[in-house]
Amino acid sequence: MIKKFAFFIAGLLVLPSITWAAPCSRINLTKCLDSACAINLSSNPAARCQYCGTSNAGEPASGLKNISAGATSKNTISAKELKSAPKDPGERYVWATKKCLDIVQNCTADDVTESYDPLIEKSCTAAGITNDMSRLASKVATNKKTSATCNDEISLCLTAADKCDATYSKCPDDETFNKFFATCSAKATGCTNFIATVRDELNQTRKSTVSATSQNIEKIVAAHQAAREKQISSIKNNCKSNADFNSCVTTVCKNNTNNNCATSQEKTIANSLCEFHKTACTKVK
């Protein structure tokens, strides 16, 4: 979009060829163009794109005022002139270029294209905006989005494995959640009016999911602990009464001796084979 205006500007501006003239100061040229195209840039990275790039970037939040109050007017377009600046980004780009080529000597339309167009492109990139026709077509479609569709779109991005994950286990705190939400909401075109609502809904989902997961883990741990304590209690009781030892001796006598431990030798053997129960009882805590 920007490039096509460069040819238009080149046709409008025919500067005399002065071989001895000083070179163009692109720093001053950028400063001049910024006075019309980068208003409140520090708080709005999309300013250059919104003012002098494409209408697809949306309306600038601020009014048409000078880039910085109280700044020197040298190499900048005056506040008075800015009042008559076109609001359409393409027309404003052409208007600002003509003004600045008059203010900053020895510069050409090529200097504008080479030094300032990349800044506009970066501004559009920062705003998550591209200037191709597919984006414009997409904008028409996204105008039909609702809070529910935006919730689904952002949620799908947010719960990806490289972000919060399906169980939100990677977003246990607000700071991490907000970081990933900002990334996902920036990709969800046409959802600007629903961002606050979607954020609240997904943040509540995150908290509920994390809480439920935590409670489930606590229940599992508690169940294992209760089962272990019950088992240990049973073992301790059996140790006190030698129940497991006596049961072992009875089984050995029945299955492994000829006379069911009728002789002292057989009883000694059975007791020796089952002694491990008594040894185990000394280890139980």
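Which residues in helix 2 are buried? They are Leu29, Thr30, Cys32, Leu33, Asp34, Ser35, Ala36 and Cys37. With that as a starting point, welcome to this predicted model; let us walk through it together.

**The overall layout**

The protein has 13 helices and zero strands. Read along the sequence, its pattern is therefore one α after another: α-α-α-α-α-α-α-α-α-α-α-α-α. Of the 285 residues in the protein, 33% are buried. If you look at contacts between residues at least 6 apart in sequence, 65% of them join residues at least 24 apart.

**Helix 2 and its partner**

Let us go back to helix 2, which covers residues 26–37. Its twelve residues reach 15 Å from the first C-alpha to the last, close to the 16 Å expected at 1.5 Å a residue.

Helix 2 packs with helix 5, which runs over residues 89–103. On the helix 2 side, the contact is made by Leu29, Cys32, Leu33, Ala36 and Cys37. Helix 5 answers with Arg92, Trp95, Ala96, Thr97, Cys100, Leu101 and Ile103. By class, the residues of this contact divide into ten nonpolar, one polar and one charged. Leu29, Cys32, Leu33, Ala36 and Cys37 also belong to the buried residues of helix 2.

**Helix 11 and helix 12**

A second pair to look at is helix 11 (residues 243–256) with helix 12 (residues 264–273). Their axes lie 9 Å apart, at an angle of about 130°. That angle makes helix 11 oblique to helix 12. Phe245, Val249, Val252 and Cys253 in helix 11 meet Ala270, Asn271 and Leu273 in helix 12. This contact has six nonpolar residues, one polar residue and no charged ones.

Two packed helices are described by the angle between their axes and the distance between the axes. Here are those values for the two pairs, along with the handedness of each crossing.

| Helix pair | Angle | Axis distance | Crossing |
|---|---|---|---|
| Helix 2 and helix 5 | roughly 140° | within 9 Å | right-handed |
| Helix 11 and helix 12 | about 130° | 9 Å | right-handed |

**The loop between helix 11 and helix 12**

Which backbone angle stands out at Asn260? It is phi: Asn260 has a positive value of about 55°, although it is not a glycine. Asn260 lies in the loop between helix 11 and helix 12. Cys261 sits in the loop between those helices too, and its phi is near 65°, again a positive value in a residue other than glycine. Is Cys261 buried or exposed? Its relative accessible area is 5%, so Cys261 is buried.

Lys122 is found in helix 6, which spans residues 109–126. With a relative accessible area of 60%, Lys122 is exposed. Along the sequence Lys122 and Arg48 are 74 residues apart, and in space their C-alpha atoms are 8.8 Å apart.

Asn237 has its place in helix 10, made of residues 195–241. Its relative accessibility is 44%, so Asn237 counts as partly exposed.

Note on methods:
Residues numbered from 1 in each chain as written. Predicted model: local features only at pLDDT ≥ 70, side-chain atom pairs only at ≥ 80, totals over all residues. Heavy atoms only, no water. Axes fitted to C-alpha atoms, helices over the stretch in contact; angles between N-to-C directions. Helix = DSSP H or I, 4+ residues; strand = E, 2+ residues; numbered from the N terminus. Parallel < 35°, antiparallel > 145°, perpendicular 65-115°, else oblique. Left-handed = near helix turned anticlockwise from the far one by under 90°. Contact = heavy atoms within 4.5 Å. Nonpolar A, V, L, I, M, F, W, Y, C, P; charged D, E, K, R; others polar. Buried < 20%, exposed > 50% of the residue type's maximum accessible area, 1.4 Å probe, protein only. Expected span 1.5 Å × (residues − 1).
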